[in-house]
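Trainee: I'd like to learn how to read a model like this one, feature by feature. Can we walk through it together?

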Amino acid sequence: MIDPMVWLIVLPLAWACFAFLLGPGRGARPAIAGLAVQLLLALQLAAGLNDSGAGAHAIGGWGAPLGIDLAADGLSVAMLLLTQVVVLPLAIYARTYFASYAAEARYFWPLAGFLIAGLNALFLSADLFNLYVTLELVGLAAVGLVAAGGGAKQITAALRYLFATLLGSGAYLLGVALIYGAYGTVSIPTLLPLVTAEAPDVVRLAGGLMLAGLMLKTALFPFHFWLPPAHGGAPAPVSALLSALVVKASFYLILRLWLGPFAPLAGIIAWLPALLGAAAIFWGSYQAICARRIKMLVAYSTVAQLGYLFLIFPLLPTEGALQAGIMQAYAHGLAKAAMFAAAGVLIEATGQDTVEGLAGAAQQLPLTLFAFGLAGITLMGLPPSAGFLAKWQLIEAALAQGHWIIAVAALAGGLLAAVYVFRVLRQAFLLAPVGDVRPVPRMLEWMALLLAAASVLLGLRGVELMQLLGVPAMGGAS
Amino acid sequence: MTINEALPLAVLASSLLPGLVIFILPETWIGTRTTLNLLGAVAKLVLVGILLAGVHAGEDYGVRYAVLPGLDLVFKADALGLLFITLSAILWLLTTLYAIGYLEGAPRRSRFFGFFSLCVTATMGIAMAGNLFTFFVFYELLTLSTFPLVVHRGTNQAMKGGTIYLAYTLGGGALLLTGIVWLHSLAGQADFAHGGFVASLGQAHAGQLQLIFLLLIAGVGVKAALVPLHGWLPQAMVAPAPVSALLHAVAVVKAGAFGIARIVYEVYGVEFAQSLELLAPLAVVAAVTIIWGSLRALFQDDLKRRLAYSTVSQVSYIVLGVALFGPIGTVGGLVHLVHQGIMKITLFFCAGNYAETLGIHKVSEMDGAGRRMPLTTVAFSIAALSMMGVPLTAGAVSKAWLSDGAQTAGMEWAIWVLWTSSLLNAVYFLPILWRAWFHQAPVAWSGEHIPAHGWRETAWLLLLPPLVTAAATLAAGIFADTEVSPLAWAQLIAGREYVGAMP
């Protein structure tokens, strides 16, 4: 029997190794084929889950507490599905994009493969130590991707990123060690009944360390300092991968721990992430409004959009808050991938990377601008889009609990997003003398549009995704 | 899916699909683009005709579709919605014809007509929305699809106007969304219904409901250009003439006024709104807007800006009618939704003709324009007289019903507001007509672009639409008492809103 969970991890590893063996810059075709199969597997897993409930798989036949358990519930499969949906168009984009940048493409495919394998494994892991391993794999592959450009700026950004990601996972690992010391296990299902509200201080310390480390990796304000240079400096497909998916992995992990073993302890500090999230929305949007370079604008927009994800924490006991968070993760994942892809095309075509340089681009690159605009609609949270549904659910959950302040932060964030999105569109609509516009492969434009359209169309049908999220974990505890 | 479910969707598709195809058409495929545009507009008219006949006979048209668990997109074509749909469908066809003539030879027409069709789709969605969620989706879609039209010319001035437009409308959208979600969390999912659906919450929630009403009305009031939320409208005048016509007569301001009607009648219900003491303040805001808009219009030399302030004033007639408690005021407000549309679009078509043909943009340049362009000026005069409420015009019918409505509602002061506004309308329209008809024309028109060919004073595609709408303005006044007039339809709606209370 083929278990999709195992194959979702093995396949990307396989095509990554294959690409490495083929040599620098090669391996795009097997990667795309592999990703297409992964998408089907993820869909199969989601369909199976909707029919029959949570799945679990013990690798090598050894179950917990000795072996490695893989487990899938609605939350993890939703994230898996998002990953595969975003990566496939981005891979097709990258294949065309890197055709003209041989140097930057040297290690893209192997590194991307390890990154995807790490992400998929992270979503499927069910014990704290395995989660650490996958987190480290994702972090190192991401740093490698940023550094692969080879420029002095990119190396600096990559080193800063490396420092942040190692510090983050170090703090997490320390937390895991403390938990192991306290309870003698790192398996999440085993921990669930053990951690109670009367847990010793060392467990609280462990939880705090893990939370802080993961926040650093998610680039939550004020830990966001590493993100804009890394995401803004990398080649477009890499920026898209990092902004759309990698930061979501550590967010998922916070959510998983928050809802799982640490649920009895989490209530008291629920407002901390929300406050930082609100600050991130305002600070990130402000920086995006001021940014001179278009990719920095998009990168700071990521800082702001990640803030929304953390607004849900005080609301988590309510029906609908988790749904709002995952809908936002989908909205931002799809839209940000589209936006970085579109920004890549714009920079490639106009030969400039500033917002000013875009004057008149709407005439020459209507398709790309349309993609940018659609992605912008999602980021602003205007209907019809996934971002709008996320905002609706968030505001409704906030009002249901009487937490006005969260609704206000979400609405204000949407208006601020409008300021920076329309800053770009305005510039592009300006009448300007037709400058030198280099021809860009149509495939790049279409992939950006595809991702943007997906982020908008999801806003017309979220029922299935919400149904999937409702599938509980094994044992029904979360 | 039955026919009754498919028809509302077909009405949406008849402008959405041509719009999407037009986006990807190459600039030079003029014939294909024009054919698509006109086919869509005519198909929509046919569909609307079927709907009108059906609704008159008491059929229900509607469809619902779940977006999230417990959150549905709902479309329904009821009598109130059809009033707006019919107006939009007819004026869309005319404006399309006008725009084809107006933009002949201009660049970026595919983009223009693409967004134009999206804009009409959004208007149809607003008219057919069956709950507040659906209403909001299309309300924001309208904002987004009109922005590229406002900034179409791509000049710095256009960008400034567009930015101000966005700032107002997106801000209003945020208020509206807050109100809608709040109401949703109180009342759960509920469709628009005769007599409203919040009355069941009762007086216990009165404070919250009043606040929600304020949020909702402020949200839609931005588009309806209620003072002090009207600042965007004169600024948006930088758009090309067909867009101004569409913004001011059909899509945007009407979407706001229509939203107010839906909120008062089918969310709160007139009687419940009255018991919460919400209608009197709304009437006061409308009255202030009517007077303020007319006063500001007096001092504008730019023709389109004068018309814009006139719109600010006239749209609030509708709001005033809605806020007057009683079926007669309702009829007056609703019928003005149609009447103001045909009058104002005539004026904007004519203003566009003056600008395109002779280069006239200012009132002070209008000297003798009536002799050079008699047909356009006749149309302009009819519409302007109708605005003042001269007998035998559409405007007179609206004003008569509004005054009666104010009388029955016991708000005599509103009659004074209407009379003052008529007077002010005369003060700012009559000098234009005087200049156009009785002043000496200049020896040569400095900005003449289109030479006259015999009786055809300008391109025929520019001439036809204002003549049709001016004729409609007269017809709506003269034949107001017949079965097929807008007035008869407004009475039908009022009859269904105030069951059994019609005079």
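**Reading the features**

Mentor: Let's start with a helix contact. Leu369(A), Phe372(A), Gly373(A), Gly376(A), Leu379(A) and Met380(A) of α16(A) meet Gly414(A), Ala417(A), Ala418(A), Val421(A), Phe422(A), Val424(A), Leu425(A) and Ala428(A) of α18(A). Sorted by class, the residues in this contact of α16(A) with α18(A) are 11 nonpolar, 3 polar and no charged. Keep in mind that this is a predicted model.

Trainee: At what angle do α16 and α18 of chain A pack?

Mentor: At about 170°, and the axes of α16(A) (residues 366-380) and α18(A) (residues 404-429) are 9 Å apart. Angles over 145 degrees count as roughly antiparallel, so α16(A) and α18(A) are roughly antiparallel to each other.

Trainee: Let me try chain B. Are α1(B) and α2(B) roughly parallel or roughly antiparallel?

Mentor: Look at the angle: α1(B), residues 3-24, packs against α2(B) at about 175°, with the axes 9 Å apart. That is why α1(B) and α2(B) count as roughly antiparallel. The α1(B) side of the contact includes Leu7(B), Ala10(B), Val11(B) and Pro18(B), and among the α2(B) residues they meet are Arg33(B), Leu36(B), Gly40(B) and Lys44(B). By class, the contact of α1(B) with α2(B) holds 11 nonpolar, 4 polar and 2 charged residues.

Trainee: What about strands? How many bridges join β1 to β2 in chain B?

Mentor: There are 7 bridges, and β1(B) (residues 61-68) and β2(B) (residues 71-77) run antiparallel.

Trainee: Which residues does the peptide bond with omega of about 0° join?

Mentor: Phe221(A) and Pro222(A), through a cis peptide bond. Pro222(A) is found in the loop between α8 (201-218) and α9 (227-233) of chain A. The bond from Pro383(A) to Pro384(A) is also cis, with omega near -10°. Pro384(A) belongs to the loop between α16 and α17 (386-400) of chain A.

Trainee: Which helix gives the most to the lining of the second largest pocket?

Mentor: α3(B), with 7 residues. In chain B, α2 (30-56), α3 (79-102), α14 (327-358), α19 (460-478) and α20 (486-497) each supply at least two residues of the lining of the second largest pocket. Then sort that lining by class: 19 nonpolar, 5 polar and 2 charged residues.

Note on methods: Residues numbered from 1 in each chain as written. Chains lettered and ligands numbered in written order. Predicted model: local features only at pLDDT ≥ 70, side-chain atom pairs only at ≥ 80, totals over all residues. Heavy atoms only, no water. Helix = DSSP H or I, 4+ residues; strand = E, 2+ residues; numbered from the N terminus. Nonpolar A, V, L, I, M, F, W, Y, C, P; charged D, E, K, R; others polar. Pairing = 2+ DSSP bridges. Axes fitted to C-alpha atoms, helices over the stretch in contact; angles between N-to-C directions. Parallel < 35°, antiparallel > 145°, perpendicular 65-115°, else oblique. Contact = heavy atoms within 4.5 Å.
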